[in-house]
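Take a look at the fold below.

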Amino acid sequence: VASMKPCIRPDMFDFEGVFLTRFFTDNWENVKNFQARPDDILIATYPKAGYSAIKNPRTTWVSYILDLLYFGNDENQTSQPIVQRVPFLESCFQEFSTISGTEMADNLPTSPRLIKTHLPVQLVPKSFWEQNSRVVYVARNAKDNAVSYFHFDRMNMVQPEPGDWDSYLDKFMQGQNVFGSWFDHVSGWWQKKRSYPNMLYMFFEDLSEDTGREVNRLCSFLGLSTSVQEKEKITKGVQFDAMKQNTLINHVTIPFLDCKISPFMRKGKVGDWKSHFTVAQNERFDEVYKQKMKNSGVTFRTEI
Ligand code: A3P
């Protein structure tokens with residue numbers, strides 16, 4: 001029932017140069033000192049690039065693919081509560097009496113551990129780099145990412161109030177979002193890849209264009225010898241329509257997500273920005289984009 005959704009929209013504040021809310025800083029000592037392991041796999045994205053979700057890791061694209069690749073046939077594992085399978089490292093939602101992301105990760109019985117994060121690269125606990133853990137980063141083009149994040153902020157009561165689309169887009173261009181600037185996030189991680197080869201940098205647009213090809217790339221990066229048959233099954237199972245049909249995946253059970261405002265599995269399209277951006281907004285955006293991305297070295301497709 002809509003009226004029963006807890007509304008505890010938090011404030012956003014500058015935390016070491018990045019906008020965050022208390023849900024991602026309350027446990028900071030433990031995040032900072034987190035002990036990574038050499039076989040950990042860190043899945044990193046800016047919010048709404050197709051991987052994350054608040055609590056339910058099987059919900060979204062890349063963590064779902066990885067979860068299936070590693071544990072898809074393990075009965076013991078699939079009967080485990082989902083929230084304990086791919087911890088969201090920096091999350092700390094005490095009000096909802098869930099344990100923190102770091103505690104979940106420490107309690108994981110499985111190996112390798114799949115751990116997800118939205119942190120910009122400079123805030124990632126240093127033990128991941130020291131242990132040379134594997135990293136899968138997923139990026140999505142700025143325009144679709146902005147639209148997706150806007151709808152997410154509307155329906156997610158533990159995010160700051162998004163306001164209207166026009167002012168939201170302005171804030172997005174200025175980097176005033178939870179987890180900071182999209183521009184800094186995708187560029188920072190891209191830069192890191194140069195000095196840290198144990199990272200696969202993936203694009204939402206590539207996943208959308210040819211999921212099977214990207215599943216193959218993931219397998220070769222991770223050194224998995226998954227059978228062709230199994231890979232095909234996974235590729236089919238993670239298509240948007242298949243995932244959207246599953247109520248668990250569509251997040252209807254999470255108390256602070258109001259799926260009446262906007263469904264979690266919204267559209268899953270490349271190029272949906274075209275139905276949101278006015279011509280003027282698009283021109284304004286392109287101008288800012290050119291400026292902010294001129295030295296980044298990473299290029300995106302806004303349509304496929
Ligand atoms: P839209 O809002 O554009 O629909 P995240 O998982 O990082 O929270 O990102 C969510 C976005 O990824 C949503 O975008 C969602 O629809 C999209 N997505 C998740 N799984 C997908 C899939 N299997 N195919 C296409 N898009 C998917």
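The buried residues of helix α7 pack against α6 (142-155), α8 (182-195) and α13 (279-293); contact here means C-beta atoms, placed from the backbone, within 7 Å. Helices are DSSP runs of H or I with at least four residues, strands are runs of E with at least two, and both are numbered from the N terminus. This is a predicted model: local features need pLDDT of at least 70, side-chain atom pairs count only at pLDDT 80 or more, and totals for chains, interfaces and linings use all residues. Residues are numbered from 1 along each chain as its sequence is written.

Which residues of α7 are buried? In this helix, residues 165-173, they are Y168, L169, F172 and M173. Seen down the axis of α7, these buried residues fall within an arc of 140°, so they line one face of the helix. The arc is taken over the directions from the helix axis to the C-beta atoms. An α-helix has 3.6 residues a turn, so residues three or four places apart point the same way. D166 and S167 lie on the other side of α7 and are exposed. A residue is buried if 20 or more other C-beta atoms lie within 10 Å of its own, exposed if 12 or fewer, and partly exposed in between, with C-beta atoms placed from the backbone. Just after α7, G175 takes a positive phi of about 75°.

Now the sheet. It is open, with 4 strands in the order β4-β3-β5-β6 and parallel pairing. Two strands pair if DSSP finds at least two bridges between them. The edges are β4 and β6 (199-203); each has a single partner strand, so one side of each is left without a neighbour in the sheet. Neighbouring strands are turned by 20° against each other on average, direction ignored. The axes are lines fitted to C-alpha atoms, for helices over the stretch in contact, and angles run from 0 to 180 degrees between N-to-C directions.

Strand β3 (residues 41-45) pairs with β4 over 4 bridges, in the parallel sense. L42 stands opposite I115 in β4. In β4 (residues 114-117), L114 and K116 point one way, I115 and T117 point the other way, and all are buried. V135 has M199 in β6 as its bridge partner.

Last, the loop between β2 (18-20) and α1 (28-32), where R22 lies. R22 counts as partly exposed because it has 17 C-beta neighbours inside 10 Å. R22 and I8 are 14 residues apart in sequence and 11 Å apart in space, C-alpha to C-alpha.

Technical notes
Contact = placed C-beta atoms within 7 Å.
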